Structure formats: structure tokens, C-alpha cells
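Me: I am new to this structure and would like to learn how to read its features one at a time. Could you take me through them, giving the general idea before each case?

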Amino acid sequence: MDGLFFTVAKDLLTPQNMLVMVIGILAGLLVGALPGFQANMGVALMIPLTYSMSPDTGLLMLVSLYAAAIYGGSITAILFHTPGTTASAATAIEGFALTKEGRAGTAIRIATWCSSIGGLVGAISLLLIAPPLSLISLQFGPPEYFLLAVFGLTTIASIASGSLLLKGLTAGAAGFLLSTVGMDLDSGFPRFAMGQNLLDGGIPFVPAVIGLFAMSQVMYMVEESSGRLGTGMATYDKRDWGFFLSLRELKEVWGSVPRSLLIGIVIGVLPGAGADVAAWVSYHEAKRFSKHPEKFGKGAIDGIASAEVAKNTETGGAMIPLLTLGIPGSTTAAVLLGALIMHGLVPGRELFTKYAEITYTIIVGFIVANVLMAVIGMAVSRYIARMTSIDVGILAPLIVTLCVVGSFALGNNMFDVWVTLVFGLLGYVMRKNGYHPAAMVLGLILGPMAENGFRQSLVLAKSSVAEYILTRPISVALLLVMILTLATPYLLEYRNRRRGLVVPTSEQAHS
Amino acid sequence: MRADVLISLFLIASCAWLYTITAGFPEGAETFPRLMLISTIVFSAAILLDALRSGSAGNPSRAPAPIKAQPYVVFGGATLYVMAVGVLGFFTSSILFSAATMVYMGVRRISAYLVALGTMALFYYVLFDRFLHVPLPRGLLY
């Protein structure tokens with residue numbers, strides 16, 4: 001164990017790894033701060049850059065971006081009342097109220113350090129909970145792997161509710177179907193290749209992910225926005241811009257921190273509920289337990305603290321089922337799953353045994369990234385906020401060229417670029433009509449695992465597959481959890497309606 | 001509502017056609033795709049029924065939003081750009097595409113063009129060409 005600790009520390013503290021973490025954090029802050037941009041898009045665009053890196057270095061960059069993007073949304077939420085991500089909507093209420101009083105510095109300081117505390121505890125939970133939880137995967141056989149893939153899909157599909165749930169499931173099934181394009185590994189038969197040799201190798205999922213998230217986002221941005229992304233520059237008192245929390249501020253927010261940490265972890269591990277749900281639930285609980293609920297809506301700093309702690313704790317929580325079972329707790333985690341597979345890492349027990357050095361380097365790096373994020377965030381948040389004044393007319397073509405060069409760089413061929421373009425249009429049409437690109441992405445990534453599990457189950461089952469599955473306790477448990485996952489959004493909606501909460505149901509919510 | 005009906009019908013028809021293609025697959029290779037095709041058809045049929053039901057109920061809140069041309073124009077431009085990469089080279093076509101899109105999106109300041117295009121070209125050259133050694137396509141000009 002000591003040997004592993006020193007190896008991880010040695011791997012992590014190389015100048016190269018520290019540099020990629022800083023780059024990831026800066027990129028994440030920018031992605032998070034730009035309204036309309038989500039963490040999943042940032043991770044998708046960054047994947048090609050990690051292709052030539054070692055798995056630990058590449059994934060360190062991506063998890064750093066993930067943590068920083070979730071926090072970065074709060075910068076514009078506080079300064080302009082424009083949440084960079086939907087998870088920062090609760091912060092916008094209290095943060096902007098403080099900005100109007102000339103106390104933007106206080107709001108940014110609270111948001112930054114509370115995000116960092118939340119992220120830190122979430123990452124430590126990941127370190128402590130994931131290794132023992134991964135032992136469960138040793139009990140899995142082909143039917144469980146099939147059900148696990150379907151379960152993963154239902155988690156993403158359950159982001160929406162009502163008729164959108166059906167659309168999520170449709171997109172997921174279409175993703176599974178797209179994963180079957182190309183050479184069948186058992187028979188060597190090219191399925192759905194339509195005589196095109198280029199399709200024999202299947203649909204490359206990274207270019208597809210870039211198209212579905214980044215390219216479609218550009219089209220969305222062009223349609224939705226005119227002029228600048230931000231709504232102007234906030235004014236602030238420079239004397240208010242301190243680096244650390246004061247003792248008085250710490251005392252004011254400390255009461256809500258443990259509760260928010262718990263909410264963040266529980267919601268993070270639960271599939272189908274993301275950072276925005278964690279932030280809102282935590283915010284409302286803070287208001288309920290507050291000694292001064294009348295301050296909420298007028299710049300309550302414990303309101304900012306509770307939302308920020310919970311949403312960043314959720315990022316660590318969402319990675320627990322991702323690394324142990326391959327079930328992403330958010331759309332960004334789904335893209336991270338694709339990155340893991342691209343680097344030859346399959347979620348499960350092997351991540352903590354055979355690939356322990358890489359996995360622990362990533363997890364410990366995630367802990368360090370959450371600390372670095374606070375330091376860098378405090379140093380650059382004012383300048384990052386200025387970036388939101390970039391014109392959409394400038395940003396849109398730059399992102400398109402980044403999509404093109406990124407997808408080309410993966411395999412040095414134009415086929416990947418065309419895949420990005422086609423999936424970009426598909427993603428845009430899907431988003432316009434309420435279908436989830438994230439569900440399709442997950443279908444593409446988990447498709448091979450689902451098909452292998454399904455086909456092997458067919459061989460192993462003597463009579464009926466359904467009968468075979470129902471005789472296996474873990475399979476039955478997975479089926480029950482799947483039903484619960486599909487029902488969760490309805491139950492949450494019902495609960496929130498009863499309590500009078502308003503939780504945003506944007507398709508971008510689960511960044 | 002209308003879009004839901006059209007998309008569902010398109011998906012059902014496409015899946016039915018793809019199902020006929022699976023008849024030519026070897027034994028075992030057709031099972032999983034068929035399962036997914038049937039799943040997609042069932043989900044699409046449910047969406048179709050839902051859309052038809054809400055349409056016949058005359059729900060005014062689901063009136064179709066007008067389609068804006070801008071995203072499709074930018075996408076068309078991106079398609080031409082990708083086609084041009086092989087002929088003009090990556091750098092030349094990227095600069096041309098970005099400049100044309102900026103003009104279309106109403107960017108007026110010359111300094112914005114100079115800074116954005118210059119930074120972009122330099123960034124791609126340093127990161128992808130020099131640092132990552134990606135053989136970016138060269139064309140007639142560069």
C-alpha cells in the first residue's frame with residue numbers, strides 16, 4: 001500500500017501532470033463561465049488532446065476540467081445573474097443580490113471555497129467508497145453486464161420525465177443500434193455498413209461525441225444568442241475582493257456545510273439526479289434550517305454556500321458508480337466513460353487492481369484539482385468573467401474549427417471529421433425536439449458491452465433468457481434498481497411540486 | 001407536436017427497413033440489432049400516440065416554434081469548410097470559414113478579425129502541428 005502511495009504521488013506530482021491539471025482547470029473555468037456551454041461539451045472537445053497522452057495524464061486533464069466547469073458556472077451567475085450552467089441557478093439568486101450591493105467579491109469568495117470544499121469531500125468519498133464497491137463487479141456474469149449497460153442507459157434517459165423519458169429511451173436504443181454498425185466480432189460480417197469499407201470498423205464514438213455535444217451546441221448557440229454571451233460587466237468594490245474567507249464568513253456558512261456535503265454525495269451516487277438537483281435541494285434545505293430565512297433571495301451567503309458545496313460534492317459522487325460499475329451519474333460522466341474506454345480502461349474491479357496506479361493517480365489528482373481550482377479560481381475569476389463578453393459571431397466559428405481539428409487529430413483522417421459533422425446536425429435536431437444526445441452517446445459507448453452480455457446470456461440460458469435472468473439475484477436487484485431509476489424523476493417532481501420547489505428541467509441540466 | 005409525429009414516423013419506417021436488412025445477417029449477429037430496432041419502434045410508436053393524443057386535445061402550448069435559418073447556414077458553411085480542407089488545406093480553409101462566418105454573424109470590427117483569426121491559426125499551428133505532430137491536411141496554399 002505504501003509502495004502504491006509513493007508511486008501515485010510520484011506520478012501525480014510530475015511537472016507534466018501538474019501542467020495539464022492547470023490547463024484543465026482554466027479550460028473548465030472558461031467552459032463553465034460561458035453561458036450555454038456545459039461541462040460535457042468541454043470534456044468532449046478536450047478528449048482528442050488527451051489521445052496522445054498517457055491515460056493518467058489525459059484523464060487528469062479531463063477530471064480537472066469537469067470539477068472546474070461545475071464551479072465556473074457560478075462566476076457569471078454571481079456577476080451577471082447569468083448561470084453558466086443550470087447547476088449554478090440557485091447561486092445566481094443570492095450571488096447577484098450581493099453583486100448589486102457591491103459585494104461580488106464576497107459572493108465569489110464564498111462560492112469558490114465552498115465549491116472547493118464540496119469537490120474535495122466528493123473526491124475523498126470517491127477514494128474511500130469506490131475500491132470496496134468495485135468488488136461487486138466480480139460477481140457479475142454476462143446477464144449482469146447486459147443489464148448494467150441497460151441500467152446505465154436508463155440513468156441518462158431518466159434525466160427527463162414524462163414524454164421526454166420515452167425520447168431519452170428512444171435515443172438510447174438508437175445509440176445501442178448505432179454501436180452495432182460495422183464488423184460483427186463473432187462472424188466477421190459487416191453489419192449496416194452499406195458497402196462502405198470505412199464503416200467496417202464501426203462508428204468512431206469520440207468524433208460522434210464531439211458532434212453530438214460540441215457541434216450541436218454551436219448551432220444552438222447561433223440560434224439562441226445574438227451579440228455577446230454575457231449581459232455586461234458587473235461593478236464591484238475592489239476592497240471586497242479578498243482571497244480567503246474571513247472568520248465571520250466561515251462561521252456564517254459552516255452550519256450548512258455538513259448537510260450540503262451529505263446531500264451532494266447521496267444525490268451524486270444516485271443515478272439520474274445531477275449537480276443541479278443537488279444544488280437546489282441543498283439550497284432549499286439551507287433555507288428551511290436557516291435562523292434567518294428572510295435573508296434568502298436578498299444575498300444570504302449560507303444560501304450560496306449550501307448550493308456550491310452540494311453541486312461540487314456531486315461530481316465526486318457521480319464518479320463512484322462510473323469507476324466501479326460503468327454507470328455514469330451525469331452526462332459529463334458519460335463522456336468521461338468514453339474517455340476511459342478510449343484509453344483502454346474498463347470500469348470495474350480491474351481499475352483498482354491491474355490499473356490501480358493509473359486509477360488512484362486520477363482520483364488523488366481529482367482531490368488536488370479541487371484545491372488548485374480554488375486557488376486558480378480566486379486568481380482568475382475576474383478575468384474569466386470578462387471572456388463572456390466575446391461575441392457569439394467570433395466564438396461559433398472558432399469552436400467549429402476546434403471540432404474539426406480535434407476529430408481529425410484522433411485518427412488523422414477526414415472520415416472522423418465527417419462523422420462529427422453528421423452527428424452535429426443529428427445532435428442539434430435531437431435537442432430541438434427533446435431527444436437526449438447524452439442517451440445516444442451512452443448507447444454508443446455501452447453498446448458492445450450490452451451486446452456481448454446479451455449474446456452470451458442467450459448461449460448460457462438453457463430455455464428462456466428472461467427465466468435465466470430472474471434466477472440470478474444480482475440481475476433481479478439490477479432490474480429493481482432500474483425500475484426505481486425510471487420512477488425517481490417522477491417521484492422527485494412530485495415531491496418538489498408538493499414542497500413548492502422549482503427545479504430546472506433543461507436537457508442541459510445534468511452537466 | 002407535428003415534429004414528434006414526423007420524427008416518430010421516420011424512425012418507425014427506418015427501423016422497419018433496417019429490420020429487413022438484418023435478414024441477411026449470419027445467425028447470432030442479427031439478434032441484438034433486432035432487439036434494438038424493435039425497442040426503437042415501440043418507443044417511437046408510444047411517442048407518436050402521445051403526440052396524436054395531445055394534438056387532438058388541441059393543446060395550444062405545443063404550437064411549433066418557427067425554424068430559424070442561421071444554424072443551418074452555419075452548418076452548411078461548416079460542410080463546405082470540411083470539403084475545402086482537402087483542397088485548400090486546413091489553415092487556409094479554417095481562416096476562410098471563420099472569416100465568412102464572422103461576416104455572416106455581423107462582426108464588424110477589423111481588430112476582432114485580426115485577433116481571432118491570428119490567435120486561432122497560431123494556436124492550431126503550435127499545439128497540433130508542432131507539439132502534437134498531427135499531420136493537418138496541406139492544400140493549394142498551405
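Reply: Let us begin with helices and strands, which are DSSP runs numbered from the N terminus, a helix being H or I with at least four residues and a strand being E with at least two. By that rule chain A holds 20 helices and 2 strands. Please keep in mind that this is a predicted model, in which local features need pLDDT of at least 70 and side-chain atom pairs count only at pLDDT 80 or more, while totals for chains, interfaces and linings use all residues. Residues are numbered from 1 along each chain as its sequence is written, chains are lettered from A and ligands numbered from 1 in the order in which they are written, and side-chain values use heavy atoms, with hydrogens and water left out.

Me: What share of the residues of chain A counts as buried?

Reply: A residue is called buried under 20% relative accessible area, exposed over 50%, and partly exposed in between, with a 1.4 Å probe and protein chains only. Of the 511 residues of chain A, 64% are buried in this sense. The accessible areas themselves come from the Shrake-Rupley method with a 1.4 Å probe, and for residues only the protein chains shown count as cover. Chain A exposes about 18000 Å², of which carbon and sulfur atoms supply 66%.

Me: Which residues touch the most other members of the largest nonpolar core?

Reply: A nonpolar core is a set of buried Ala, Val, Leu, Ile, Met, Phe, Trp, Tyr and Cys residues joined through side-chain atoms within 4.5 Å. The largest one here has 187 residues, and those touching the most other members are A:Phe176, A:Ile399, B:Phe90 and B:Phe128. Helix H4 of chain A, residues 55-80, gives the most to this core, with 16 residues. Apart from it lies another core, of 9 residues, which includes A:Trp280 and A:Ala307.

Me: What does B:Phe128 touch?

Reply: A contact means heavy atoms within 4.5 Å. Leaving aside residues up to four places away in sequence, B:Phe128 touches A:Leu49, A:Val405 and A:Ala409 in chain A, and B:Phe123, B:His133, B:Val134 and B:Leu136 in chain B.

Me: How much area do chain B and chain A bury between them?

Reply: The size of an interface is often given as the accessible area lost when the parts come together. Buried area is counted in that way, with a 1.4 Å probe and summed over both parts. Chain B and chain A bury about 4800 Å² between them, with 82% of it on carbon and sulfur atoms. B:Phe32, B:Phe75 and B:Val82 supply 14% of the area that chain B buries against chain A, more than any other three residues. The contact takes 59 residues from chain B and 51 residues from chain A.

Me: Why does A:Lys167 count as buried?

Reply: A:Lys167 counts as buried because its relative accessible area is 5%, and B:Asp4 is buried as well, at 6%.

Me: Where do A:Arg109 and A:Glu249 lie in the chain?

Reply: A:Arg109 forms a salt bridge with A:Glu249, their closest N and O atoms being 2.7 Å apart. The pair links distant parts of the chain, with A:Arg109 in helix H6 (residues 104-133) and A:Glu249 in helix H10, 140 residues apart. A:Arg109 is buried, with a relative accessible area of 7%, and A:Glu249 is buried at 3%.

Me: Is A:Phe244 buried or exposed?

Reply: A:Phe244 is exposed, because its relative accessible area is 57%. A:Phe244 is found in the loop between helix H9 (205-224) and helix H10 (247-254) of chain A.

Definitions and conventions. Buried area = accessible area lost by both parts, 1.4 Å probe. Salt bridge = Lys/Arg side-chain N within 4 Å of Asp/Glu carboxyl O.
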